[in-house]
Amino acid sequence: MSQIQTIMTKDPTGQQLIEFASQTAQQLVRDQLTRGQVRNIFTEVRKIEALWEAESVKKPEEQNYTKALRRLVMLKPKMDYQTARIPQVQRLKDVLSQAIDEVVKGQSPAEQTERFKRFMNLFEAILAYHRALGGRN
């Protein structure tokens, strides 16, 4: 089981998520990934989060995560494009792509929602550590 899979499915306290996010952020700082480059991706993820939450407010029988889930999956080619333009994005793309795959593997809307929340926790922690470790502008 990969570390990301464990974080997304079997890390009840979030301790592994924190350690992994710290290590990832350290690597991103070493790779000289800028805050702006991280934020470009994070902005899109926040939009997906808003769409996901809007869908979850509906009655359970009307829940339809198709739009949010599709937009999350479409983030992968966007990150591929970013990586082609800016090679320093590679590590972040690898981590987020694996986490997106774990969200999609959820067997029900409830499980996908829980995994998406963990995805958001992971990305927010990476962003916070990147900033704290002096990720450049």
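Predicted model: local features only at pLDDT ≥ 70, side-chain atom pairs only at ≥ 80, totals over all residues.
Let's start with helix 2. It has 16 residues and runs 23 Å from first C-alpha to last.

Which residues of helix 2 are buried? They are L17, F20, A21, S22, T24, A25 and L28. Now, what covers the buried residues of helix 2? The cover includes helix 1, residues 3–9, along with helix 5 and helix 6, residues 109–132.

Take helix 5 next. Helix 5 covers residues 90–104, and helix 2 covers residues 15–30. Their axes lie 9 Å apart, and the packing angle is about 155 degrees. Angles over 145 degrees count as roughly antiparallel, and therefore helix 2 and helix 5 are roughly antiparallel to each other.

Who meets whom? From helix 2 come F20, T24, Q27 and L28. From helix 5 come R91, L92 and V95. By class, that contact holds four nonpolar residues, two polar ones and one charged one.

Helix 5 itself has 15 residues. It reaches 21 Å between its end C-alpha atoms, close to the expected 21 Å. Its buried residues are L92, K93, V95, L96, S97, A99, I100, E102 and V103. Note that K93 and E102 are on that list.

Stay with L92 for a moment. Set aside its neighbours within four places in sequence. L92 is then in contact with L28, L33, V38, I41, F123 and I126. L92 also belongs to the largest nonpolar core, which has 36 residues. Which members touch the most others there? I41, L92 and F119. Helices 1, 2, 3, 4, 5 and 6 each give two or more residues to this core, with helix 3 at residues 35–56. Helix 6 provides the largest share, eight residues.

Helix 6 also holds Q112. Is Q112 buried or exposed? Its relative accessibility is 11%, and under 20% means buried, so Q112 counts as buried. Leaving out residues up to four places away in sequence, Q112 touches W52, L69, V103, V104 and G106.

Two of those contacts point back to lists in this talk. V103 is among the buried residues of helix 5. L69 is among the buried residues of helix 4.

So, helix 4. It takes in residues 66–85. Its 20 residues should span 28 Å at 1.5 Å a residue, and its end C-alpha atoms are 29 Å apart, which agrees. The buried set is A68, L69, L72, L75, M79, Q82 and T83.

K78 sits in helix 4 too. At 44% relative accessibility, K78 counts as partly exposed. How far is K78 from L33? Along the chain they are 45 residues apart, and their C-alpha atoms are separated by 17 Å.

Last stop: Q32, in the loop between helix 2 and helix 3. Q32 has a positive phi of about 65 degrees, although it is not a glycine. Its relative accessible area is 46%, so Q32 is partly exposed.

To recap: helix 2 and helix 5 run roughly antiparallel.

Terms used
Residues numbered from 1 in each chain as written. Heavy atoms only, no water. Axes fitted to C-alpha atoms, helices over the stretch in contact; angles between N-to-C directions. Helix = DSSP H or I, 4+ residues; strand = E, 2+ residues; numbered from the N terminus. Parallel < 35°, antiparallel > 145°, perpendicular 65-115°, else oblique. Contact = heavy atoms within 4.5 Å. Nonpolar A, V, L, I, M, F, W, Y, C, P; charged D, E, K, R; others polar. Buried < 20%, exposed > 50% of the residue type's maximum accessible area, 1.4 Å probe, protein only. Expected span 1.5 Å × (residues − 1). Core = buried A, V, L, I, M, F, W, Y, C linked by side-chain atoms within 4.5 Å.
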